[in-house]
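Please work through each task before reading its solution.

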Amino acid sequence: MTNVPTLTSTWVACARPRLGPLRHSPRAVHYKRNILRESGITYASSAQLSSIEQQNSFLAVLKNLSEPKDVLRELEQYDLQELMDMAGNVRDRRPGGDTVTFSPKAFIPLTRLCRDSCSYCTFVVEPRSDRRAYMSMDEVIEIALLGQEQGCSEALLTLGDKPELLYSQAQDELHHLGYSSTIEYVKACAESILNETRLIPHINAGIMSDEEIRQLKLVSGSMGLMLESTSKALMEPGMPHYNCPDKEPSKRLEMLELAGKNRVPFTTGLLVGIGDARLDRIDGLLKIRDCHARYGHIQEVIIQNFVPKKNTKMAAEDVPSLEELLFTICACRLLMPAMNIQAPPNLTKDWEKLLEAGINDFGGISPGLTPDFVNPEKPWPLIQSLSDAVSAKNKVLLPRLPIYPEYVNRYSDAYTWLSSYGPKSPMGSALSLIDADGYCSASTWNAGKGASIGSISDTKSNVINRKAFTHSEKQVSAIPKMAITKGHSPIKMTKSGIIQNCSTPKVVWEVDKLIEQAFRPEGFSKKDIVRLFRARGKEFDAIVSAADTVRKMVNGDDVSYVINRNINYTNICEYKCSFCAFSKGSNDEQLRGKPYLLESSEISRRTLEAVQVYGATEVCMQGGIHPSFTGEDYINILTAAKSVSPDIHIHAFSPLEIDHGARTLGLSHVEYLRILKDAGLKSLPGTAAEVLSDDVRNVLCPDKLNTREWVDIIKSAHSVGLPTTSTIMFGHVDSTHHWAEHLLILRDIQIETQGITEFVPLPFVHMEAPVFKAGKARAGPTLRECFLMHAIARLVLHPHIRNIQASWVKMGPDRASELLSAGCNDMGGTLINESITKAAGASFGQIVDEQRMKRLIEQSGKVPYQRTTPYQRI
């Protein structure tokens, strides 16, 4: 490695720019007024930026400035505390302003050789003949699996820049491994991580070409490159980036452009205090802002303070002041109000000040697994300690993926930003790990199963066996030995959506105020409902408690159930709903069993058995849309059941089946429903609703009924005296906005018709669902989301829909019992022979007999009673 001359006094002088406010000099005020006038903005004369209007005016001024000196002049009119107050307020007003995030990561330093020689860096090492230049693939996977055990979602692949161009050892090892370049090996390692673990690679591989970026996008969720500084002076002899060709600012800016053109979620940032002045930092922030404005791809800006390290050329240099770091964070927040801004928590211990200055993220943190190889002398903080600091600011600390929520929480966004080619693609991996808001689910629970599948690795070793991975007995690993550090717990979420063993914000006044809407005539708005679905911790508890109070007020402590039998008369279907593992084409034998069509005699037999053996009062009949069926077939199904049990309540045919039957006979929906009613139909299941948003339906079931058509058929049923249930099937490609729309549609129907008997939330069971197996859906809702769906439904639908049902088939019997204290007053039916949920991979669904049903209700402290389908006591 080439020697760098001793740092000059020029660098030291540049490291401490003046922290001096211009305050409100007449010249500065006149200048500001001119800028505002040119921008068409009314000048806010107050020296204090206290009001929202004044803050917005100031942000508009900064938005219209493009010269660093002009921006700096504006910022320096205010002292640091004023800037922090405003920056913190701007952060709080952005979506998710009450949330602070971090990415649980396994730090994987693939190689520490580098062709650059930055004066402050201890990550880079010189090659040694007795030490391998690159980590082996086995080592990479072993660390990733250990990270998986600790609840990590990110595999951070960090490495030196193009070492093979400088060192023959790197060239030789790559050749031995079978790769032509470091980037090619990075791609292979990232692909193995995706295939063999549940972690998502984030790649920091230095300067790359357009083609290299495209190749790595196929195997990564995100990439990063610190801009560090736009100061060319840092490249000169005696300065930190001398003899570092990849630190040339124009090259790094070009890579930011290439990442944007390739739609790569990208991380960049500044390194404060390496000889840069304030003006340099403002220039860097403006260039980042402008690049992001063109492509929308900068997901995060890191403001990192320089830390001098032993055995480097800058070991004796001063640390930048906390005030200078805070000023830069404020500048970043005010120039980019909606940006995610990070400051590493292991480099600055005053976390509350960082939060006050406007950050909303603490970056990647390895929970007791890997050190910060870039700053090895600075250990990662305990997550519990960070959470305490965040809670003190009345915010909640949440884990995220290496991809920020806004890039994955909507299906269209995930499809735009992530490569999609199956369940182990970056998109498939990301969707399988997130909740409806795009944060890490960190869940040990799945609908239909209880315990999650594959969330914790089977690998249990805490120390990596290096010897097994060496190419030669004479070479040692490229990284030091490591083990799980004591005191660090795996990242897991509680039922209420808080990290296990972490604190929660104490103030819940906003949610308490919203809950009151349940008792007001105007009810809830969509915005209100979306906000309720974001509740965690004490807010979650408040919503569940309020729902339970309303349940008791409406239903008392009595909880109902119905004895019924499911008869799924065919699994052959001409529709191709991407969530359905039950229906099949006539020649399709994948998933769960062969195609079938029950004979009328078998329908009669099952009906009679349900009545005589099980004491059923209801048969629930649904099936696929058989291509040969006409409206007459549905009438014949009713006749088969009624012929053996004239008094049985037939609860049958979703709106999709009604539409199919009516169309094949050339009848209106109302006309056909009257015929079915005369043939013995008593009520309809409000299924085939999925989520009542055409954005969602166009992904899940594009050839099915649209939202308007579903609503029209439900209203038609009510108009002829056929009551219906109502449902939502949630937790796949939907969002909380869609859930809110769905609940409001149901509320409006009920206000108009009073024909809905109950609301039944149905969590998406993902295991065998085609859309999940294709890597295009989430792994169902989290337990928090399930409890909130039932509780919020109780509040939103009050007083119009009186009955909220817990689906033991989806939730599992014990969790369904818990929901009886979260707003539910009904446990549904015994469901003999339920097939649809079982086909999706669920463990539950065959039968819960009456005695067990009573025990489940009693264990929640409620009083069980048997009911009929229309909620009459038996």
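Rings of Phe, Tyr and Trp (its six-membered ring) form a pair if their centres lie within 6.5 Å. The model examined here is predicted.

**Exercise 1.** State which residues are linked into a cluster by ring pairs.

*Solution.* Ring pairs join Tyr 569, Phe 629, Tyr 634 and Phe 653 into a cluster.

**Exercise 2.** Classify the pair of Phe 107 and Phe 373, and locate both residues in the chain.

*Solution.* Step one concerns geometry: the centres are 5.2 Å apart and the planes form an angle of 70°. Planes over 60 degrees apart count as edge-to-face, and the pair of Phe 107 and Phe 373 is therefore edge-to-face. Step two concerns location: Phe 107 belongs to strand E1 (residues 99-111), whereas Phe 373 lies in the loop between strand E8 (361-365) and helix H14 (383-392), so the pair ties together parts 266 residues apart in sequence. Step three concerns accessibility: Phe 107 and Phe 373 are both buried.

**Exercise 3.** Determine how the rings of Tyr 179 and Tyr 185 are arranged, and whether each residue is buried or partly exposed.

*Solution.* The ring centres of Tyr 179 and Tyr 185 are 5.1 Å apart with the planes at 45°, so this pair is tilted. Tyr 179 has 21% relative accessibility and counts as partly exposed, while Tyr 185, at 1% relative accessible area, is buried.

**Exercise 4.** Identify the rings over which Arg 278 and Lys 495 lie.

*Solution.* The charged end of Arg 278 is positioned over the ring of Phe 327, 3.5 Å from its centre. Lys 495 lies over the face of Phe 787, at 4.5 Å from the ring centre.

Key. Residues are numbered from 1 along each chain as its sequence is written. This is a predicted model: local features need pLDDT of at least 70, side-chain atom pairs count only at pLDDT 80 or more; totals for chains, interfaces and linings use all residues. Side-chain values use heavy atoms; hydrogens and water are left out. Rings of Phe, Tyr and Trp (its six-membered ring) pair if their centres lie within 6.5 Å; planes under 30 degrees apart count as stacked, over 60 as edge-to-face and the rest as tilted. Helices (H or I, at least four residues) and strands (E, at least two) are DSSP runs, numbered from the N terminus. Buried means under 20% relative accessible area, exposed over 50%, partly exposed in between (1.4 Å probe, protein chains only). A charge sits over a ring if NZ of Lys or CZ of Arg is within 6 Å of the ring centre and within 35 degrees of the ring normal.
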